[in-house]
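Subject: Structure handover

Hello,

Here is the structure I said I would pass on. Please look through it first, then read the notes below.

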Amino acid sequence: ELPDDWTTKQIVPNQDGGKWLISSGRQIIVTDEEFEEDYTLDLLGKTALGMFFYQAKGEQDQILVATQDGALLRYDSNDGEFLGSSQIEVVNDVWFSATMSYFPEQDMLTIQNHFITDIIDTNSWLQIARVDNSVGYHEESDRFFAFDGGTNRMGVMPHYSTEDLVEMANE
């Protein structure tokens, strides 16, 4: 049962449906598959824009939370222990929810917040790029789709790795 003053903003299951994240924005409750509360995440006084179960091979399962003030908070998904934080870019002073996607082949997490796509390297947890006017990343073509706000024209941008960029600069 949720608190009396609770307003649900977002609900996210893990991959097998065994855990759920339920957010009011100011608080996140982690439940089991029967929606019994396991624990509550300490958001350090921040407001959640989006949340995600991150599961990479060989690493502990984590819960990622993007916040309104531009933090990416990481927690152990087993007990809610705070693991760390890094900075990301979000739309300031606007309440758009953030969605996250993990791409293991590139060791990349994307965070889509309104028309901004942040690219996070999951080895270092640093934001390595930001794509403005972006509607998202397409894994199969390894491209970002974006638009020109002045003309409302759509376009694509290839995703270049750091190695690709160094190679192009040397040519």
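A polar contact is a pair of N or O atoms within 3.5 Å; within protein, one atom must be able to donate a hydrogen and the other to accept it, and residues adjacent in sequence count only if both atoms are side-chain atoms. This is a predicted model, in which local features need pLDDT of at least 70 and side-chain atom pairs count only at pLDDT 80 or more, while totals for chains, interfaces and linings use all residues. Residues are numbered from 1 along each chain as its sequence is written, and side-chain values use heavy atoms, with hydrogens and water left out.

Asp-76

The side chain of Asp-76 reaches the backbone nitrogen of Asn-78 at 2.7 Å. Asp-76 belongs to strand E7, residues 71–76 (strands, E, are DSSP runs of at least two residues, numbered from the N terminus). Asp-76 is buried but has no salt bridge. Buried means under 20% relative accessible area, exposed over 50%, and partly exposed in between, with a 1.4 Å probe and protein chains only. A salt bridge needs a side-chain nitrogen of Lys or Arg within 4 Å of a carboxyl oxygen of Asp or Glu. The nearest side chain of opposite charge is Lys-19, 7.0 Å away; Lys and Arg count as positive, Asp and Glu as negative, and His and the chain ends are not counted.

Cores

A nonpolar core is a set of buried Ala, Val, Leu, Ile, Met, Phe, Trp, Tyr and Cys residues joined through side-chain atoms within 4.5 Å. The largest has 16 residues, of which Leu-64, Leu-72, Met-100, Leu-109 and Ile-111 touch the most other members. Strands E5 (48–54), E6 (62–67), E9 (98–103) and E10 (108–113) each supply at least two residues of this core. Another core, of 15 residues, lies apart from it and includes Val-12, Ile-28, Ala-71 and Tyr-75.

Aromatic pairs

Rings of Phe, Tyr and Trp (its six-membered ring) pair if their centres lie within 6.5 Å; planes under 30 degrees apart count as stacked, over 60 as edge-to-face and the rest as tilted. The whole structure holds seven aromatic pairs. Tyr-75 and Phe-82 have ring centres 5.6 Å apart and planes at 70°, so they are edge-to-face. Tyr-75 is buried at 1% relative accessibility, and Phe-82 is partly exposed at 37%. For Tyr-137 and Phe-144, the centres are 4.9 Å apart and the planes at 50°, so that pair is tilted. Both Tyr-137 and Phe-144 are buried.

Regards

Terms used
Helix = DSSP H or I, 4+ residues; strand = E, 2+ residues; numbered from the N terminus.
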